Amino acid sequence: MKRNGAIDFWKFVFSVVILCFHSLYFAGDETYIFVDGANMVEFFFLVSGFLMAAKLMKQKEDAMKQPVWKSTWQFLFHKIKSMCPEYYVAWAVSFLIKHTAGGLQPLAKIAKHGVLCIWELLFLRMAGFNDYNANGATWYISAMLCAMAVLLPFFYKNREQFLYLTAPLLAVGITGYLYTASKTLRGNTDWMGLCFRGFLRAMAVLCIGCICYIACQKLKQVQLTRFARALLSAAETGGYLFALYWTYGHGTSRMQFVILLLFAVSVTISFSHQGLLAFIYDHPVSYWLGKFSFSLFLSHHAWSGRIRKMFPDDSYAQMFPKYVGLSVATAFVVYGLSALFKNIYHKHRDAWLRLFAYSGAGR
C-alpha cells in the first residue's frame, strides 16, 4: 500500500508525545509534559486496524479460500516480519541501557532478566506473560498481535459480516465495558479477570479502525466541492490538535473516549485523501518521519526509567532535555542498525538459509 503522508506525519508527532509522556517515570512530584499522553496510543491502534482491514479486503478470493488458520498465521507472520529487525534491535539496545546506564547491574540479575524476557521476545506480554520486560513500549506490539490473532479468524471466515456486524458490536461492547468498569482506557497491565486491560483496549480500537476503513471507502466515492474538502481538512486537523491540547493540559478522564472518537474521524479523513491539505503531507519528509517514528517509539522507554539514576541531583527541567537527546540518539542508532542488518540479510539471504536447510537440488 502506498504511504499516506498525513498518517506518517501524525505518527511521528504522537510518538514524540508518548516519549514526553513517559518522562513521568523521573518527574517525581513535578509536573511532566503531556500528562495524559497515553491517549495517543489509540491513534496507532486505529491505524493498525484500518490497515488490517484494507489488506484483507484487497486479497483475492483464492487467497481467502485457504484454511482460516493458515491465512491467520500468514498475516501475523508478515506483520511481525514488517517490524523486524527494528523490534529486536530496539529490544537489545534497551536491555543494554537498563542494565548499564546509571550503574552496572549484578550479573546474576542480568542473567535472570535475560531469561524472563523470553515472553517479550515472543510478543506474549499482553497474553498474560507480563514478567520482566526490557522495553516497556513493547506492550503495544504484543496487544496488537494478540488481538489480531483473535479477530483475524472471524475476518477470514466472513469479511462482510466481520466489517459490518462483528467489528462494530465488539467495538461498542468492549469500550462500553471499559467505560463502565474503570472510566479509562489506561492501565495496560491491570488484570480484568480474564485478560489485561491493554488486550481489551487493542481489541476494541482495532475494530474501530476496521469501521474507519468502511467509512473511508464510502467517503472516497463522493465527489466533493472545494468547500467540502476544506471542511474535511478542518475536521481532520482539529481532531488531532484537540487531542494534543487536551493531553497536554489535562489528566486521565473519561474524555479519553471522546478523543478516541475524534481520532477515528481524523484517521478516516486522512486515509481518504479527500482533505484540501492532503497534498501538503504527501512529501518524502513526512514518509521518512513515519518510518523513523517506529524506532523512536521503541527506543525511549528504557531511558525514562534510568535517567534519574544517571542524574540523581538534577531537577525534572534539567533531566528532560537529556532524556530527549538520549532517546532521539538511540532511535537513530536503532534506525541505522536496522537498515544495516536488512541490507546484510538481503545481500546474503541465500547463504544464511543454506546454514540451516538444504536446497532441493543439493540433497
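1. Start with Ile 208, which sits in helix H11. Helices here are DSSP runs of H or I with at least four residues, numbered from the N terminus. At 15% relative accessibility, Ile 208 is buried; that label means under 20% relative accessible area, while exposed means over 50% and partly exposed lies in between, with a 1.4 Å probe and protein chains only. Leaving out residues up to four places away in sequence, Ile 208 touches Leu 46, Ala 171, Thr 175, Leu 260 and Ala 264. Contact means heavy atoms within 4.5 Å. Pro 168 is 40 residues from Ile 208 along the chain, yet their C-alpha atoms are separated by 7.0 Å.

2. A word on the basis. This is a predicted model, in which local features need pLDDT of at least 70 and side-chain atom pairs count only at pLDDT 80 or more, while totals for chains, interfaces and linings use all residues. Residues are numbered from 1 along each chain as its sequence is written, and side-chain values use heavy atoms, with hydrogens and water left out.

3. The largest nonpolar core has 98 residues. Such a core is a set of buried Ala, Val, Leu, Ile, Met, Phe, Trp, Tyr and Cys residues joined through side-chain atoms within 4.5 Å. Those with the most contacts inside the largest core are Phe 14, Phe 43, Phe 45, Leu 46, Tyr 140 and Phe 263. Helix H11 (residues 197-220) gives this core its largest share, 14 residues. Apart from it lies another core, of six residues, including Trp 91, Phe 95, Ile 110 and Ala 134.

4. Phe 45 deserves a look of its own. Its contacts, leaving aside neighbours within four places in sequence, are Trp 139, Tyr 140, Ala 143, Met 144, Arg 201, Ala 202, Val 205 and Leu 206. Phe 45 also belongs to a cluster linked by ring pairs, together with Phe 9, Trp 10, Phe 14, Phe 43, Phe 44, Trp 139, Tyr 140, Tyr 240, Phe 263, Tyr 281 and Phe 297.

5. The structure holds 40 aromatic pairs. Rings of Phe, Tyr and Trp (its six-membered ring) pair if their centres lie within 6.5 Å; planes under 30 degrees apart are stacked, over 60 edge-to-face, and the rest tilted. Trp 91 and Phe 95 are stacked, at 5.2 Å centre to centre and 25° between the planes. They lie four residues apart in helix H6 (residues 86-100), so about one helical turn separates them. Trp 91 is buried at 14% relative accessibility, and Phe 95 is buried with a relative accessible area of 14%. Tyr 316 and Phe 320 have ring centres 5.8 Å apart and planes at 40°, so that pair is tilted. Both lie in helix H17 (residues 316-347), four residues apart. Tyr 316 and Phe 320 are buried.

6. Two lysines sit over rings. The rule asks for NZ of Lys or CZ of Arg within 6 Å of the ring centre and within 35 degrees of the ring normal. The charged end of Lys 55 is over the ring of Phe 75, 5.2 Å from its centre. Lys 322 lies over the face of Phe 311, 4.2 Å from the ring centre.

7. On a 1 Å grid over the protein atoms alone, a cavity is a set of points where a 1.4 Å probe fits but cannot get out; a pocket is an open set with protein on both sides within 12 Å along at least five of seven lines; lining residues have an atom within 4 Å of a point. Grid points are joined across faces, edges and corners, and volume is the space filled by probe spheres set on the points. The largest pocket has a volume of about 1,200 Å³. Among its 37 lining residues, Arg 3, Lys 11, Leu 51, Lys 79 and Ser 82 are the closest to its centre. Helix H3 supplies the largest share of the lining, seven residues.

8. The largest cavity holds about 50 Å³ of space. Of its 13 lining residues, the closest to the centre are Ala 6, Glu 236, Ser 270, His 273 and Ala 278.

9. Check the backbone too. The peptide bond from Cys 84 to Pro 85 is cis, with omega near 5°. Pro 85 lies in the loop between H5 and H6. Phe 34 is not a glycine but has a positive phi of about 55°. Phe 34 is buried, with a relative accessible area of 16%. Lys 183 also has a positive phi, about 60°. Lys 183 is partly exposed, with a relative accessible area of 34%.

Notes
Helix = DSSP H or I, 4+ residues; strand = E, 2+ residues; numbered from the N terminus.
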